[in-house]
Amino acid sequence: MILTYLLISILFLRGSRFLFYLSIVAFIISYYRINNKTPNLKIISIVFLGILTFSIFMGNARRNMRQGKSFENTELFTKEQILWLFESNFQIYKPFYGVTNTYPNKDPYTIYTAMITDPLIMWIPRIIWPSKPTGAEYTTTTAIQRSVKKEAITKHALAMPNLADYYIDLGFLGVFLYSLLLGIIARKWTRYYYSNNIFKLISYTIFVGALINVINRGYMPSILTLFAFLYLPIVILQKIAHIKKTQSNIHSKDFQLLAIIKSQNFLFNRKYQRYLQKNKSTLFKHNDSYQ
């Protein structure tokens, strides 16, 4: 309970709405899958309105904290606040439009840099590479600054959909290839929904929740890091469960083998005792003659 409270507090202070969405979506999918139920329209509407309300709350909290304003005096559910929420989330296509005008007319395609090189660079510790590019110097953020304004990154942390990363790398070919790859991965994860393995079901629920961020925000270095930290605990727990199950099976087989040995020893001892009683006189006679 304490760890949960600390996690929620940290996410609130950072203004991270996405992980809350992921947790809610994962819980709902898990509940209905385990109980073999399907949510009705009423439940879906309640969840949607709840997420919308929470988005307004967290969006205002993050914006006011960044600007150093008091959060308590903020009017949350005004018409302006609600419209701002929709505008800030549903107008991220505008930077993408700017990128399509910049690449390849003004700058060449980055050729696998945004999707492959940058994610690998992000995992290199700065203590090993002190001059490693900062967040504002990666391919995607640089593309936004070249296509819109520098303040779009330095002040507003503007984002683009995932298609922008695909386009920056290889143009329309990149949009096709990377979208195809995402579809193949999504198809594989969808099969986990019907699995009886709890770890596969959890993996599916996390993937569905994470798709919100993958499609809406892009920026592959951050996405791969997110997936690594989301799935690493599941992999570790699955390995631990597998080891315990293996050890349990080994102990079970040991007990079975021990039971067989004991039963065989018991039968052998019974037969040996009967043999001694039956041939007692003969055995002792041979023994006396030997002496």
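Asparagine 36 counts as exposed, at 65% relative accessibility (buried is under 20% relative accessible area, exposed over 50%, partly exposed in between, with a 1.4 Å probe and protein chains only). This residue of the predicted model sits in the loop between helix H2 (18-34) and helix H3 (41-67); helices are DSSP runs of H or I with at least four residues, strands runs of E with at least two, numbered from the N terminus. Tyrosine 219 counts as buried at 18% relative accessibility, and lies in the loop between helix H10 (198-217) and helix H11 (220-278).

Neither residue is a glycine, yet phi is positive in each.

| Residue | Phi |
|---|---|
| Asparagine 36 | about 55° |
| Tyrosine 219 | near 65° |

Most residues other than glycine have a negative phi, and most peptide bonds are trans. From tyrosine 103 to proline 104 the peptide bond is cis, with omega near 0°. Proline 104 is in the loop between helix H5 (93-102) and helix H6 (113-122).

Confidence is given as pLDDT, the predictor's value for each residue from 0 to 100. The chain average is 77, and 65% of the residues score at least 70. Helix H9 has the highest mean pLDDT among the elements of the chain (92), and helix H12 (residues 280-290) the lowest (47). Over residues 283-291 pLDDT stays under 50, and the model has 2 contacts there beyond four places in sequence (contact means heavy atoms within 4.5 Å). Where pLDDT is low, the predicted coordinates should not be read in detail.

Residues are numbered from 1 along each chain as its sequence is written. Local features need pLDDT of at least 70, side-chain atom pairs count only at pLDDT 80 or more, totals for chains, interfaces and linings use all residues, and side-chain values use heavy atoms, without hydrogens and water.
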